[in-house]
Amino acid sequence: RLRSALAARIAYYVPEAQLALRLHYRYYFDVFPGTVPDGGPDPWRIHSQMLEARVYRPVTRDLTVRLLFRQYWQLPANFWCDALAMPACYPPSPVYYTTDPKLGPVHTSYPELELVWQAEALRPVPVLGWLAAGTFTISYGRYFQDTSFGNAHVLQSGYTLPY
């Protein structure tokens with residue numbers, strides 16, 4: 001397999017509004033280089049596209065709000081079929097086969113809200129002062145997808161200490 005991706009990103013800052021905008025696009029393709037063992041067409045041919053928009057805005061000196069929205073589209077591998085929906089979709093002795101949803105057609109949407117707090121306020125606090133150099137984050141996202149995995153809630157939190 002030969003897997004490749006092309007990507008482009010653009011960012012813009014609006015000083016009057018203290019608003020940062022970022023747009024990211026990625027095109028992914030997966031091919032089988034050389035000769036296919038059964039002489040047929042390339043079995044992979046997975047193609048996908050991802051478009052993501054992010055907005056960053058400080059609320060206070062130490063707190064920033066980040067909004068994200070991501071769309072993802074994927075075409076299925078040439079050898080993928082939904083054997084449950086169409087039991088006769090494969091020939092009697094296929095060389096390649098899968099019903100894995102990750103190799104089938106996929107469309108997802110992912111909105112997310114994230115809060116980032118610069119922990120500088122902890123500097124004078126005994127025992128916790130060392131945390132002042134880092135940031136605390138908490139985010140909530142909702143993953144919408146059309147595969148058998150279903151939708152998901154994503155709650156993340158973390159602390160980053162630069163080194």
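Trainee: Why does L115 count as partly exposed?

Mentor: The relative accessibility of L115 is 34%, and the term covers what lies between buried, under 20% relative accessible area, and exposed, over 50% (1.4 Å probe, protein chains only), so L115 counts as partly exposed. Bear in mind that this is a predicted model, in which local features need pLDDT of at least 70 and side-chain atom pairs count only at pLDDT 80 or more, whereas totals for chains, interfaces and linings use all residues. Residues are numbered from 1 along each chain as its sequence is written, and side-chain values use heavy atoms, with hydrogens and water left out.

Trainee: What makes S48 buried?

Mentor: S48, which lies in strand 3 (residues 46–58), has 1% relative accessibility, and because buried means under 20%, S48 is placed in that class. Leaving aside neighbours within four places in sequence, S48 is in contact (heavy atoms within 4.5 Å) with R26, Y27, Y28, Y72, W73 and Q74.

Trainee: Which other residue forms a salt bridge with E52, the closest N and O atoms being 2.7 Å apart?

Mentor: That residue is R70, whose salt bridge with E52 has its closest N and O atoms 2.7 Å apart. This pair links distant parts of the chain, with R70 in strand 4 (residues 63–74) and E52 in strand 3, 18 residues apart. R70 counts as partly exposed, at 27% relative accessibility, and a network of salt bridges links R22, E52, R54 and R70.

Trainee: What makes the D62 and R61 pair a salt bridge, and are these residues buried or exposed?

Mentor: Their side chains meet at 3.6 Å, N to O, which is within the 4 Å limit, so the pair qualifies as a salt bridge. D62 is buried, with a relative accessible area of 14%, while R61 is exposed, with 70%.

Technical notes
Helices (H or I, at least four residues) and strands (E, at least two) are DSSP runs, numbered from the N terminus.
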